[in-house]
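Visitor: May we go through this structure together? I would like to begin with the charged side chains and then turn to the core.

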Amino acid sequence: MPRRSIVYEKTLPNRTLVVDNGAYTIKAGFSSPSPSLDDCHTIPNCLARERDKKVWVGSEIEGIRDFGEVAFRRPVEKGYLVGWEAEKAIWDSTFLGQKARLHCDPHDTNLILTEAPNTTAALQTNCDQVVLEEYEFASYSRHV
């Protein structure tokens, strides 16, 4: 007698986060039936460290008054996302922080993420691992 397979029907959440993870800025927002410009947010895609070791992450950089002795670190090199430690800090601040403009619970949110054309398989695998294992979004779609 053949085995019966159990079918789990899981409905996807209604909330979808769309992220264009650019080299200079992250353009992100939640999809909606009637989109407007207010739905899209632009966040600096970098970390900044002052001489006194204070670290500014993502949108916090807008609060820096003196850029004279600030060192910037970007997770993107030559158009490809290679520094996931820095990117994870930026995403945590942008999407998981309680006061974040795009606060969401990844378990209840779908993710649509863009990537650079001709991204190597190793970088795609790294991206998939971080999105699926670290954040555990309800569903995930990666596009060029």
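**Salt bridges and core**

Guide: Arg142 and Asp128 join their side chains in a salt bridge, at 2.9 Å from N to O; the term requires a side-chain nitrogen of Lys or Arg within 4 Å of a carboxyl oxygen of Asp or Glu. The pair links distant parts of the chain, with Arg142 in strand 10 (residues 139-143) and Asp128 in helix 2, 14 residues apart. Helices (H or I, at least four residues) and strands (E, at least two) are DSSP runs, numbered from the N terminus. This is a predicted model, in which local features need pLDDT of at least 70, side-chain atom pairs count only at pLDDT 80 or more, and totals for chains, interfaces and linings use all residues. Residues are numbered from 1 along each chain as its sequence is written, and side-chain values use heavy atoms, with hydrogens and water left out.

Visitor: How many salt bridges are there in the whole structure?

Guide: The search finds 6. One of them pairs Asp92 with Lys88 at 3.3 Å, N to O. These two lie 4 residues apart in helix 1, so about one helical turn separates them.

Visitor: Which residues have the most contacts inside the largest nonpolar core?

Guide: They are Leu17, Val19, Trp91 and Phe95, in a core of 24 residues. Such a core is a set of buried (under 20% relative accessible area, 1.4 Å probe, protein chains only) Ala, Val, Leu, Ile, Met, Phe, Trp, Tyr and Cys residues joined through side-chain atoms within 4.5 Å.

Visitor: Which helix gives the most to this core?

Guide: Helix 1 does, with 5 residues.

Conventions. Buried < 20%, exposed > 50% of the residue type's maximum accessible area, 1.4 Å probe, protein only.
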